[in-house]
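Dear colleague,

Please find the structure below, handed over for your files. My notes on it follow directly after.

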Amino acid sequence: MLTLYGRFPTRSNRAHWALEELEVPYTFYQVDFAAGDTDSPAFRSLNPGGKIPVLTDGDLVLTESGAICNYLGDRHPASGLTPSPGSPDRARYDQWMFFAQSELEQPLWTKAKHKFVLPREWRVKGLEDTAAWEFQRAAEVLAKGLGDNEFIVGDRFTMADIMLTHTLGWAKAANMEIRQQNLLDYANRNFGRPAVNRMAKCRGQPLPGGREIH
């Protein structure tokens with residue numbers, strides 16, 4: 001049984017969205033940061049970094065949202081959510097998966113870390129303008145790569161669209177301006193997918209036994 005540990009609204013939404021696109025059985029546990037769930041020995045045994053998402057599939061324990069999306073898509077090849085390994089579409093898909101995490105996301109994460117994530121003594125003030133400038137550079141690259149296409153790779157929706165769309169939603173929530181109309185249209189189309197609606201309605205359940213993970 002697939003089990004996802006995550007919380008709204010975080011990067012775990014990417015993995016959660018992927019599960020709903022696949023329409024496979026899974027269990028979703030809401031991780032409560034305030035209650036110390038991610039600091040418990042049980043959770044740290046799954047991810048020593050104490051971060052979400054975490055996916056388990058039998059004996060497999062997998063972290064990192066992009067890796068989880070790739071695994072789920074490859075595990076269900078008929079879905080078409082990950083292009084065939086070795087194909088030109090897979091190469092382009094991998095490019096945009098890495099871009100989502102290394103370029104488009106990074107200014108948002110930098111802003112978040114220095115606003116509320118890092119301990120106060122490690123936060124650097126005045127980074128917001130730099131982060132906004134860096135995000136715009138990445139958004140321009142994405143806008144050119146997308147062009148007038150419906151999807152970022154080929155003629156169908158893939159996990160790369162999940163990664164990029166989620167990150168654009170994160171940008172909007174972080175008050176980062178998205179100036180490119182094709183990106184706004186792209187995000188609105190993808191957020192309108194039935195799987196997103198199902199994900200939003202699935203509030204999950206608390207960890208079994210409180211902070212203990214079984």
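Helix H4 passes helix H6 in a left-handed crossing, a term for the near helix being turned anticlockwise from the far one by less than a right angle. The axes of H4 (residues 88–104) and H6 (residues 128–146) come within 10 Å and cross at roughly 160 degrees. That makes H4 roughly antiparallel to H6 (angles over 145 degrees count as such). Axes are lines fitted to C-alpha atoms over the stretch in contact, with angles running from 0 to 180 degrees between N-to-C directions. Helices (H or I, at least four residues) and strands (E, at least two) are DSSP runs, numbered from the N terminus.

This is a predicted model, in which local features need pLDDT of at least 70, side-chain atom pairs count only at pLDDT 80 or more, and totals for chains, interfaces and linings use all residues. Residues are numbered from 1 along each chain as its sequence is written, and side-chain values use heavy atoms, with hydrogens and water left out.

Two peptide bonds deserve mention. The bond from Phe8 to Pro9 is cis, with omega near -20 degrees; Pro9 lies in the loop between strand E1 (2–6) and helix H1 (12–22). The bond from Ile52 to Pro53 is also cis, with omega near 5 degrees, and Pro53 sits in the loop between helix H2 (41–46) and strand E3 (54–57).

Finally, Asn175 is not a glycine, yet has a positive phi of about 60 degrees. Asn175 belongs to the loop between helix H7 (159–173) and helix H8 (181–191).

With kind regards

Terms used
Angles under 35 degrees count as roughly parallel, over 145 as roughly antiparallel, 65 to 115 as roughly perpendicular and the rest as oblique.
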